[in-house]
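Trainee: Please pick one part of this model and take me through it closely. Then place it in the wider picture.

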Amino acid sequence: QVNFDAAAELDPLYKDEENFWFSKGMTVVGFLVNNTLLEELKLEAPTAWTDLVKPEYEGEVIMSNPAVSGTNYAVVNAQLQKMGAEEGWKYFESLNANISHYGKRGSDPLNKCIADEFAIAVSYINKGVEATIADYDVDIVYPADGMPWVPEGLAVFKNAENVDAAKYFVEWLFSNDQYLLELAELDGHDYIKLIKPTMEGIDLTFDASIMMEEDLSLFGEQRAEILEKFEAVMGEKSNTNE
């Protein structure tokens, strides 16, 4: 537990209520769309998660296996929370029909989309992604029906080698906006504005109102069960990456 005055300035949604962990940033998930392929296939770009299950996108959607990508596991868990288990699993079964295989790395959807292998990629979004796609006919889509997210946590581990120094570092980082701005620059995103809304000198590049409501405690509690069920949904597609 790390208690310091500046902790009260952080949005309670992105930290532990008893100050056992804090978010230094966030990973958010949206779509990448390859405009060249969409034009060749005479397809419109998806604007929402509900679009991804349309029959016309068969074979043109790629996401990573949630068993190997924490980001994509967050997608699955968040959608199940939003839709409910029954409708959520129906959704992923429908989505699976449009996916030829699941990536074995979190970066696979990005890389395969810019390589003209897939028209639509489920991918993390940050400034690094923005810079990468700048040289390609690829756009970012922030899904209108909600963006899954997962905090990039910072915590002091019990019985760590130097607990006092670690606590000092946490307090040092969050007590000075300039340090947080520099870290956001290094991390390549602007989501610290969500975590500490009073910060100046940084603005979000998307509408925060589309962030999904999530119970983070369920991410760990449900992981084994969800991954087991998702493995059954994927079938052999989980083992193919070419």
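**A close look at one strand**

Mentor: Start with strand β1, residues 21-34. This strand is mostly covered, as 12 of its 14 residues are buried. Buried means under 20% relative accessible area, exposed means over 50%, and partly exposed lies in between, with a 1.4 Å probe and protein chains only. Strands here are DSSP runs of E with at least two residues; helices are runs of H or I with at least four, and both are numbered from the N terminus.

Keep the source in mind: this is a predicted model, in which local features need pLDDT of at least 70 and side-chain atom pairs count only at pLDDT 80 or more, while totals for chains, interfaces and linings use all residues. Residues are numbered from 1 along each chain as its sequence is written, and side-chain values use heavy atoms, with hydrogens and water left out.

Now the partners of β1. Two strands pair if DSSP finds at least two bridges between them. Strand β5 (residues 149-155) pairs with β1 in the antiparallel sense, over 7 bridges. There, Trp21 has Ala155 of β5 as its bridge partner. Strand β3 (residues 120-125) is joined to β1 by 6 bridges, again antiparallel. Opposite Val29 stands Tyr124 of β3. Strand β4 (residues 138-141) also runs antiparallel to β1, with 4 bridges. Here Phe31 faces Val141 as its opposite number in β4. When you inspect side chains, remember a general rule: in a regular strand they alternate between the two faces of the sheet.

Asp116 sits in the loop between α4 (108-114) and β3. Its phi is positive, about 65 degrees, although Asp116 is not a glycine. Asp116 counts as partly exposed because its relative accessibility is 45%. Asn159 lies in the loop between β5 and α6 (163-174). Phi of Asn159 is also positive, near 65 degrees, and Asn159 is not a glycine either. Asn159 is exposed because its relative accessible area is 70%. For context, most residues other than glycine have a negative phi.

Next, the loop between α1 (35-41) and β2 (61-62), which holds Lys54. Lys54 is partly exposed, since its relative accessible area is 33%. Lys54 and Asn98 are 44 residues apart in sequence, yet 8.0 Å apart in space, C-alpha to C-alpha.

Step back to the whole protein. Its secondary structure comes to 10 helices and 5 strands. Of its 242 residues, 48% count as buried. The radius of gyration, taken over C-alpha atoms, is 19 Å; a compact globule of 242 residues would have a value near 18 Å, so the two agree. That globule rule is 2.2 Å times the number of residues to the power 0.38. Along the principal axes, the C-alpha atoms fill a box of roughly 55 × 40 × 30 Å. Take contacts (heavy atoms within 4.5 Å) between residues at least 6 apart in sequence: 72% join residues at least 24 apart.

A search of the whole structure finds 1 cavity of 30 Å³ or more. Residues lining the cavity include Asn126, Lys127, His189 and Thr205. A cavity is a set of points on a 1 Å grid, over the protein atoms alone, where a 1.4 Å probe fits but cannot get out; lining residues have an atom within 4 Å of a point. Grid points are joined across faces, edges and corners, and the volume is the space filled by probe spheres set on the points.

Note on methods
On a 1 Å grid over the protein atoms alone, a cavity is a set of points where a 1.4 Å probe fits but cannot get out, and a pocket is an open set with protein on both sides within 12 Å along at least five of seven lines; lining residues have an atom within 4 Å of a point.
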